Amino acid sequence: MAEKATPQAQAAYDRIHATDEFKRLKKTYMGFVVPMTIAFMAWYLLYVLCSNYAPGLMNTKVFGNVNIALLWGLLQFVTTFGIAYWYSQFSAKRMDPIADALNAEYDKEANA
Amino acid sequence: MSAMSSISFVQASSSDDHQALTASLFLLVVLLTVGITFWASRNTKTAADYYAGGRSFSGVQNGFAIGGDYMSAASFLGISGAIALSGYDGFLYSIGFLVAWLVALLLVAELLRNSGRFTMADQLAYRMRQTPVRTAAATSTIIVSIFYLLAQMVGAGALVSLLLGVDSQAAKNITIAAVGVLMIFYVVIGGMKGTTWVQIVKAVLLMGGTILISVLVLAKFGFNISELLGQAADNSGAGSAFLEPGLKYGASATSKIDFISLGIALVLGTAGLPHILVRFYTVPTARQARQSVLWAIGIIGTFYLLTLILGFGAAALVTGDAKQRIVDSGGNLASPLLAEAVGGGPGSTGGAILLALISAVAFATILAVVAGLTLTSASSVAHDLYASVWKKGQASGTDEIKVARISAFVIGGVAIALAIPGQSLNVAFLVALAFAVAASANLPALLFNLFWKRFNTRGVLWSIYGGLISSVGLVIFSPIVSGKGVDANGKNLSLLPESIDISWFPLENPGIVSIPLGFLLGYLGTITSKERSSEDRFAELEVRSLTGAGAEK
């Protein structure tokens, strides 16, 4: 195991784990990342599957030589940038304040 | 008559000139990186300095370093080459390699920074039995890194000899040995600080070079993308099929499944690559780890968008002999020869300068990536195998660093020794295989450890060894190793001689089987084991990984 925590540290971890704030932090985090991961994986896999099995759709030209396949590929970039930005805003606003407060409590208790 | 001979004389001397220019730029890259390494080594004293650069890098710096670590020669030369040759189908690599970063951002980077220390095994062994888990994690780390390393080094040999115009086998061997010696030097002297700065400089050079060539390409088409695509399709000989899915992977039902299998491995592999994971330890906090991934996504995303322009640009603008050279190089020369074309074409001064510049950037790219891989494996040998498994945690930091430096020598030596005979084989598949192993062996173990309380030692071992053995094993029995036959020119397409055929697995990419298997085995191993002690420290791991309480400073 990683270096064993001191008894004070262990007590601090256990106490924090049981607090409502920690439960809220965990719920907020999981509530964002689980649906988001499912969504972007599904969006990506759908794109891969359509590239394979839906040539009629993908080869449709939208303007000039630009077809749906290319636009959808570029859209994957847009959604990746968008989700990354969304997560950075969400975590800074909804998660970081709780994490900071709990972290400060830990430092006080573990080093007491 | 005299006019003709003077023309050929001009061409010959300009070819010598450009090789001299290329060689001097290569030398400049070497001197620059060696200088950086010496400069960075002054402040490398403790184990945290050596393994994690003193955790002193900012999110922006680490974002560039991640980009420098991740955008390998396989990306820079390989993807633009794949697009230049196969059109749209080459684009999948760009998309998979980028979307993969969301897995790292949302599920791995911050939690790993908070709960780990120096290596991937630190995180996996947090609540498990140390010796078996660290042995498994180190095995997987070393195998993934060596696969990746070999692909880069063999590529370096071929690339440098092509660019410098030396074709002898001895010159290629010397190039590989020189790259190996340089990477050993960066890692032994510079540790993580030196390696990180080499990667940052490389990322800046690579982005600068890529942006420059892309702008020049787009300017040729009045910044009209549609015209660029049209000319690429016309010039490719494939017509509009060049811009549509299926040119490379659409041939049969099997190749379509191969495409899906590759797509899954690309998107899940990144967050399990050990040399990427250790980068998250080089920043002071989880928040900086998040910042670094955000920067990395911006840099890497921009880069992959530009590879699209480079790839289609090469298809559109490179013609004649140069086009044949791209085909002969398997696509690897697409970017350098495109640079020559937009600079004014073969024989022009502008062309020679841009060709030399992009070649030097490609060389810097290879050096930075191999350094990161060597450091990661050497760290795992020293920190996991030597200090934990062998010395049971009783080794001093000084001894660990000493062992890490010796390991860098050994791993570098092994890589050189394997890469030299490996040149006669087509080793490009090793990059895709490294992603498949990372996704099948490492990612299941990391995610289960972070999110599943019941997960235990046997679960880790089954997922790592199961994912590792199944992905490598399936490739051994795939058309990559034997049974693919010969191409139109009678060239053997598999690694083994034509007379041997042990293949029964139809896909070249094992991910679609081995990734679910890695997760399944992690689950089965866990529930068949009676060990419950791993649950005792799950509360601690959860608090620490989500809040940063007690994280390594």
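At what angle do helix α5 (residues 91-115) of chain B and helix α12 (residues 286-317) of chain B pack? This is a predicted model: local features need pLDDT of at least 70, side-chain atom pairs count only at pLDDT 80 or more, and totals for chains, interfaces and linings use all residues. Residues are numbered from 1 along each chain as its sequence is written, while chains are lettered from A and ligands numbered from 1 in the order in which they are written.

**View 1. Helices α5 and α12 of chain B.** The two pack at about 175°, with their axes 9 Å apart. Axes are lines fitted to C-alpha atoms, for helices over the stretch in contact, and angles run from 0 to 180 degrees between N-to-C directions. Helices (H or I, at least four residues) and strands (E, at least two) are DSSP runs, numbered from the N terminus. α5(B) is therefore roughly antiparallel to α12(B) (under 35 degrees is roughly parallel, over 145 roughly antiparallel, 65 to 115 roughly perpendicular, the rest oblique). Among the contact residues are B:F97 and B:W101 of α5(B), and B:I297 and B:Y304 of α12(B). Two residues are in contact if their C-beta atoms, placed from the backbone, lie within 7 Å. By class, this contact has 15 nonpolar, 4 polar and 3 charged residues. Ala, Val, Leu, Ile, Met, Phe, Trp, Tyr, Cys and Pro count as nonpolar, Asp, Glu, Lys and Arg as charged, and the others, Gly among them, as polar.

**View 2. Helices α8 and α15 of chain B.** The axes of α8 (residues 169-220) and α15 (residues 349-390) come within 6 Å. They cross at roughly 140°, so α8(B) and α15(B) are oblique to each other. Their contact has 22 nonpolar, 6 polar and 1 charged residues.

**View 3. Nonpolar cores.** A nonpolar core is a set of buried Ala, Val, Leu, Ile, Met, Phe, Trp, Tyr and Cys residues joined through C-beta atoms within 7 Å; buried means 20 or more other C-beta atoms within 10 Å of a residue's own, placed from the backbone. The largest core has 213 residues, and B:L338 and B:L367 have the most contacts inside it. α15(B) gives the most to this core, with 25 residues. Apart from it lies another core of 13 residues, including A:A12 and A:Y106.

**View 4. Where chain A meets chain B.** The contact takes 46 residues from chain A and 43 from chain B. α4(A) gives the most to the chain A side, with 18 residues. That side has 29 nonpolar, 14 polar and 3 charged residues.

Notes: Buried ≥ 20, exposed ≤ 12 C-beta atoms within 10 Å, placed from the backbone.
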